[in-house]
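Reader: Please take me through one part of this model in detail. I would like the helix packing first, then the residues around it.

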Amino acid sequence: MEPQTPAPRIWVDADACPAVIKEILFRAAERARIETILVANQWLRTPPSRFVRSLQVAGGPDVADDAIVERLARGDLVVTQDIPLAARVLEKNAVALNPRGELYTANTIAERLSVRNFMEELRGAGVQTGGPAALHPRDRQAFAAQLDRWLAQQGH
């Protein structure tokens, strides 16, 4: 008899995850009965649920990222806008999804990393690059659609 593979889980890089995206995830966790873990370096309020919990980690660069990668299993879904974390997730054969609904892939991650590094160089040189654009309803719809696709692939 083959060992039972654990049910896939959803991991959320929660420090920078928009509240509206967390709400979509909370509803999906209940509907699909799938374990969803929010990882952050601060205490997070989560709804009373058997399927949603938070994991508080120490503050510091990449502590939440490291906690997710250490616990991640093949096929899990990670919701993050952190491109280096997304690259690490893909290396572990898991799925990385941006809160705007963009799936990170092996084809897109190298380009995203180089753009990110270039923007960091500009900021380091004192150039004002601005922050990300506001989350639009179409971004929420794109995220929900990608999440539903992933859940369907898991048999939910």
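Author: Helix α1 (residues 19-32) packs with helix α5 (residues 137-153) at an angle of about 25 degrees, and their axes are 11 Å apart. This is a predicted model, in which local features need pLDDT of at least 70, side-chain atom pairs count only at pLDDT 80 or more, and totals for chains, interfaces and linings use all residues. Residues are numbered from 1 along each chain as its sequence is written, and side-chain values use heavy atoms, with hydrogens and water left out.

Some terms for the packing come next. Helices (H or I, at least four residues) and strands (E, at least two) are DSSP runs, numbered from the N terminus. Axes are lines fitted to C-alpha atoms, for helices over the stretch in contact, and angles run from 0 to 180 degrees between N-to-C directions.

α1 and α5 are therefore roughly parallel to each other (angles under 35 degrees count as roughly parallel, over 145 as roughly antiparallel, 65 to 115 as roughly perpendicular and the rest as oblique). From α1, the contact takes in Val20, Ile21, Ile24, Leu25, Ala28, Arg31 and Ala32. From α5, Arg140, Phe143, Ala144, Leu147, Asp148 and Leu151 take part. Contact here means heavy atoms within 4.5 Å. By class, this contact has 10 nonpolar, no polar and three charged residues (Ala, Val, Leu, Ile, Met, Phe, Trp, Tyr, Cys and Pro count as nonpolar, Asp, Glu, Lys and Arg as charged, and the others, Gly among them, as polar).

Stay with α5. Asp139 lies in this helix. Asp139 counts as buried because its relative accessibility is 12% (buried means under 20% relative accessible area, exposed over 50%, partly exposed in between, with a 1.4 Å probe and protein chains only). Its side chain makes a polar contact with the side chain of Arg100, at 3.0 Å. A polar contact is a pair of N or O atoms within 3.5 Å; within protein, one must be able to donate a hydrogen and the other to accept it, and residues adjacent in sequence count only if both atoms are side-chain atoms. The side chain of Asp139 also reaches the backbone nitrogen of His136, at 2.8 Å. Neighbours within four places in sequence aside, Asp139 is in contact with Pro99, Arg100, Gly101 and Ala134.

Ala142 counts as partly exposed, at 28% relative accessibility. Leaving out residues up to four places away in sequence, Ala142 touches Arg100 and Gly101. Ala142 and Pro99 are 43 residues apart in sequence, yet 8.8 Å apart in space, C-alpha to C-alpha.

Now turn to Asn98. This residue sits in the loop between β5 (95-97) and β6 (103-104). Asn98 counts as buried, with 6% relative accessibility. A polar atom of the Asn98 side chain lies 2.7 Å from the backbone nitrogen of Arg100. Beyond four places in sequence, Asn98 touches Thr80, Gln81, Tyr104, Arg112 and Phe143. Phe143 is also one of the α5 residues in the contact with α1.

Arg33 is found in the loop between α1 and β2 (36-40). Arg33 is exposed, with a relative accessible area of 53%. Its phi is near 55 degrees, a positive value in a residue other than glycine. Most residues other than glycine have a negative phi.
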